[in-house]
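Here are a few friendly notes to read alongside the model. Please keep the structure open as you go through the points.

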Amino acid sequence: MNYFDKEIITDLKTHNIGFQTLTDAEHKIILEEMNNKIPFSSSKIDWKKLKNSHIFFYEPLSIATLQLAEKIREVSDGNLIFVGDSACDEVYSIAPESLEQALKLFSELPQHTYILQTSLNWIACISFEGDIDFAGLP
């Protein structure tokens with residue numbers, strides 16, 4: 001567990017956000033499914049190739065994360081998976097009741113944080129560059 005994971009875990013506990021970390025095997029399966037199902041361009045998702053993709057451009061960031069939370073709630077049916085591409089080593093499963101707080105915490109990390117469910121019917125991303133994206137998946 002690295003520095004960012006320790007900070008995230010401390011923040012999740014401080015905000016009373018229920019979470020679990022996934023096993024290495026579960027992490028590997030999620031990454032394999034993402035790579036098989038989602039088009040990437042370089043190291044980023046190619047959002048233009050996904051149907052029903054939405055880009056959220058709002059200032060301040062808190063408004064964009066609220067819009068993203070609404071979109072995720074429309075399509076989710078259980079715990080949400082948060083997986084990063086660089087800063088965090090752990091993968092987090094978080095209850096949907098804590099979605100807004102979790103989005104705020106993960107939006108402060110210097111990485112792309114992907115939010116999805118194990119069914120992989122949709123995916124969202126908060127990037128350290130300030131992009132917030134969402135798309136339904138086939």
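**Notes on the sheet and its helices**

1. Six residues make the hairpin that leads from β5 to β6. Helices (H or I, at least four residues) and strands (E, at least two) are DSSP runs, numbered from the N terminus. A word on the basis: this is a predicted model, where local features need pLDDT of at least 70 and side-chain atom pairs count only at pLDDT 80 or more, while totals for chains, interfaces and linings use all residues. Residues are numbered from 1 along each chain as its sequence is written, and side-chain values use heavy atoms, with hydrogens and water left out.

2. Strand β5 (residues 80-84) and β6 run antiparallel and are joined by four bridges; two strands count as paired if DSSP finds at least two bridges between them. Phe-82 has Tyr-92 of β6 as its bridge partner. On β1, which is antiparallel to β6 and linked to it by three bridges, Thr-21 stands opposite Tyr-92.

3. Now the whole sheet: seven strands form an open, antiparallel arrangement in the order β1-β6-β5-β7-β8-β9-β4. Because β1 and β4 (54-55) are at the edges with a single partner strand each, one side of each has no neighbour in the sheet.

4. Helix α2 (residues 24-37) packs on this sheet and touches β5, β6, β7 (113-116) and β8 (122-126), its direction making about 85 degrees with that of β5. Contact here means heavy atoms within 4.5 Å. Helix α3 (residues 61-75) lies across β4, β5, β7, β8 and β9 (132-136), at about 15 degrees to β9. The axes are lines fitted to C-alpha atoms, for helices over the stretch in contact, and angles run from 0 to 180 degrees between N-to-C directions.

5. In β6, Val-91 and Ser-93 point one way, Tyr-92 and Ile-94 the other, and all are buried (under 20% relative accessible area; exposed is over 50%, partly exposed in between, with a 1.4 Å probe and protein chains only).

6. Which residues of α1 are buried? They are Asp-5, Ile-8, Ile-9 and Leu-12. Viewed down the axis of α1, these fall within an arc of 100 degrees, so they line one face of the helix; the arc is that of the directions from the helix axis to the C-beta atoms. Their cover includes β1 (19-21), β6 (91-94) and α4 (99-107). Tyr-3 and Thr-14, on the other side of α1, are exposed.

7. After α1 comes Asn-16, with a positive phi near 55 degrees.
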